[in-house]
Amino acid sequence: MQNLNGLDMHPEEFRELAHHAVDWIADYMRDIRHYPAVSRIEPGALIDSLPHDAPETPEPMAAILADFERQIIPAITHWNHPRFHAYFSVSASGPGVLAEMLTAALNVNGMLWKSCPAVTELEQVTLDWLRQWIGLAEDDKWFGIIYDTASISTMHAIAAARELADPTTRTEGGSRNLTMYCSEQAHSSIEKGAISIGLGQHNVRKIGLDDEFRMRPDLLEQAIEKDLADGKKPFCIVAAIGTTATTSVDPVPAIADIAKKHNAWLHIDAAYAGPAAIVPELRHHFAGWERGDSIVLNPHKWLATPIDVSVFYTRHPDILKRAFSLIPDYLKTQEDSKVVNYMDYGVQLGRRFRALKLWFVMRYFGREKLAAMIREHVRLAQLFAEWVRADDRFEVASPVPFSLVNIRLKSASDAANVDLMNRVNESGVAFLSPVVLRGKTCLRIAIGNIKTTEEDMKATWDAIQSAASGLS
Ligand code: PLP
């Protein structure tokens with residue numbers, strides 16, 4: 001029989017290689033601006049460069065690390081780059097990276113309190129701290145849980161809403177009569193959540209917008225009334241604070257009134273903008289969110305925490321538990337009556353120690369420094385919008401409540417705007433993504449990286465301006 005003792009890397013070998021890896025990480029963080037923001041490889045190039053067959057025999061770590069630099073890094077789009085402005089700009093800050101390293105070493109699974117008390121209890125503590133930072137009242141008894149992404153958080157919200165509206169679906173399936181509502185600008189994850197739980201895409205109503213891309217409560221009310229008249233059962237409304245395309249803020253207080261009137265679950269999608277609630281002068285954007293039945297916000301978007309950590313709060317953990325709890329004998333423990341077992345509140349059993357990185361980030365920076373980061377991003381967005389307005393070839397295509405600026409070449413075609421974006425991206429200076437607003441293609445410039453400076457924004461603007469001058 002083979003003795004597996006000593007099969008793993010020897011601790012001293014690990015020590016030496018880990019020092020090397022940490023040096024690499026520190027250099028990467030220091031030199032991040034030397035990399036092109038977006039990978040320039042052609043589709044399939046990495047696949048072609050890697051062997052077809054997996055190794056049968058051991059390979060030296062030196063060779064693996066060399067290939068990491070030679071083959072993997074060129075295929076990396078650098079999300080940690082200060083001029084990564086596509087999608088939503090994020091940061092893996094130093095403390096977050098350290099916590100991820102320790103998390104990997106511990107390799108714990110927090111499915112139950114018993115399976116690793118620290119995972120459960122640190123999650124409870126960090127989410128209570130975050131609740132306080134974002135101004136949700138203790139008296140409302142918010143229950144927090146970490147999922148991997150906002151998409152999954154929202155799917156759980158919809159499932160809980162259905163459990164409340166029609167508890168028989170847990171055992172009988174079905175639920176075709178239920179209808180839910182979000183705006184035309186809602187993130188695709190809302191519809192995907194409905195698809196995932198078998199609600200059906202056609203039972204998601206997309207409500208029209210006002211001229212600032214916000215859900216119109218009058219149209220919401222009309223849609224609900226029509227569904228009621230057709231014998232449907234409106235059960236869930238998703239309002240967004242910080243939509244993906246424009247970061248618009250739906251009128252939550254008016255939507256909350258409608259949800260209350262119709263006994264519908266109100267879920268607030270604040271995946272991106274939620275962390276901004278830690279900044280007192282931005283808190284007004286969040287008026288009424290405390291009336292939500294659930295809220296999602298992603299520290300991995302705008303709180304300097306490495307992906308993935310999505311925080312979900314609900315005032316009805318009992319309903320969420322009713323929707324998902326299923327406890328086989330082998331997972332019962334003597335502490336069950338005294339503890340939270342997070343496996344009871346969602347689809348997944350196994351769960352990573354995600355609270356550790358949030359705890360590291362919250363402690364290392366404190367609320368003040370994280371608020372200062374968000375405040376600076378908002379300032380940079382306003383400044384950038386001013387630069388754009390001062391150049392009469394361009395227009396700012398939507399309001400700028402947070403740190404996203406949408407711009408377009410005013411009297412140019414969609415193709416020209418796409419061409420402009422591609423030229424900027426190919427330059428490697430910055431990475432921008434497109435968005436279509438009122439039928440016109442715009443360039444979306446998201447600011448959210450902890451290292452982004454005014455000089456970075458100037459470099460991005462210079463790249464856009466010179467690419468615009470080069471357009472024929
Ligand atoms: N909701 C909003 C408003 C978003 O902008 C996004 C992603 O950008 C999501 C949800 C989905 O986030 P995730 O990637 O964490 O699923």
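Two rings of Phe, Tyr or Trp, the six-membered ring being taken for Trp, count as an aromatic pair if their centres lie within 6.5 Å. In this predicted model, a search of the whole structure finds 22 such pairs. A pair of aromatic rings is described by the distance of the centres and the angle of the planes.

Trp24 belongs to helix α1 (residues 11–31) and Phe68 to helix α3 (residues 61–72), so the contact ties together parts that are 44 residues apart in sequence. Phe68 has a relative accessibility of 31% and therefore counts as partly exposed, because that class lies between the 20% limit for buried and the 50% limit for exposed.

Phe84 and Phe431 form another edge-to-face pair, with 5.3 Å from centre to centre and 80° between the planes. Here both partners come from loops: Phe84 lies in the loop between α3 and α4 (94–106), and Phe431 in the loop between α14 (414–427) and β10 (433–437), so this pair ties together parts that are 347 residues apart in sequence.

Phe88, Tyr272, Phe286, Trp289, Trp302 and Phe402 form one aromatic cluster. One member of this cluster, Phe88, also meets a charge: the charged end of Arg444 sits over the ring of Phe88, 4.8 Å from its centre.

The strands can be followed next. Strands of a sheet pair through backbone hydrogen bonds, either parallel or antiparallel. In this model, 7 strands build an open sheet with mixed pairing, and their order is β1-β7-β6-β5-β4-β2-β3. The edge strands are β1 (143–147) and β3 (204–207), each of which pairs on one side only. On average, neighbouring strands of the sheet are turned by 20° against each other, direction ignored. Within the sheet order, β6 and β5 stand side by side. Strand β5 (residues 265–269) pairs with strand β6 (residues 294–297) in the parallel sense, over 3 bridges. His267 has Ser294 in β6 as its bridge partner.

Technical notes: Residues are numbered from 1 along each chain as its sequence is written. This is a predicted model: local features need pLDDT of at least 70, side-chain atom pairs count only at pLDDT 80 or more; totals for chains, interfaces and linings use all residues. Side-chain values use heavy atoms; hydrogens and water are left out. Rings of Phe, Tyr and Trp (its six-membered ring) pair if their centres lie within 6.5 Å; planes under 30 degrees apart count as stacked, over 60 as edge-to-face and the rest as tilted. Helices (H or I, at least four residues) and strands (E, at least two) are DSSP runs, numbered from the N terminus. Buried means under 20% relative accessible area, exposed over 50%, partly exposed in between (1.4 Å probe, protein chains only). A charge sits over a ring if NZ of Lys or CZ of Arg is within 6 Å of the ring centre and within 35 degrees of the ring normal. Two strands pair if DSSP finds at least two bridges between them. Axes are lines fitted to C-alpha atoms, for helices over the stretch in contact, and angles run from 0 to 180 degrees between N-to-C directions.
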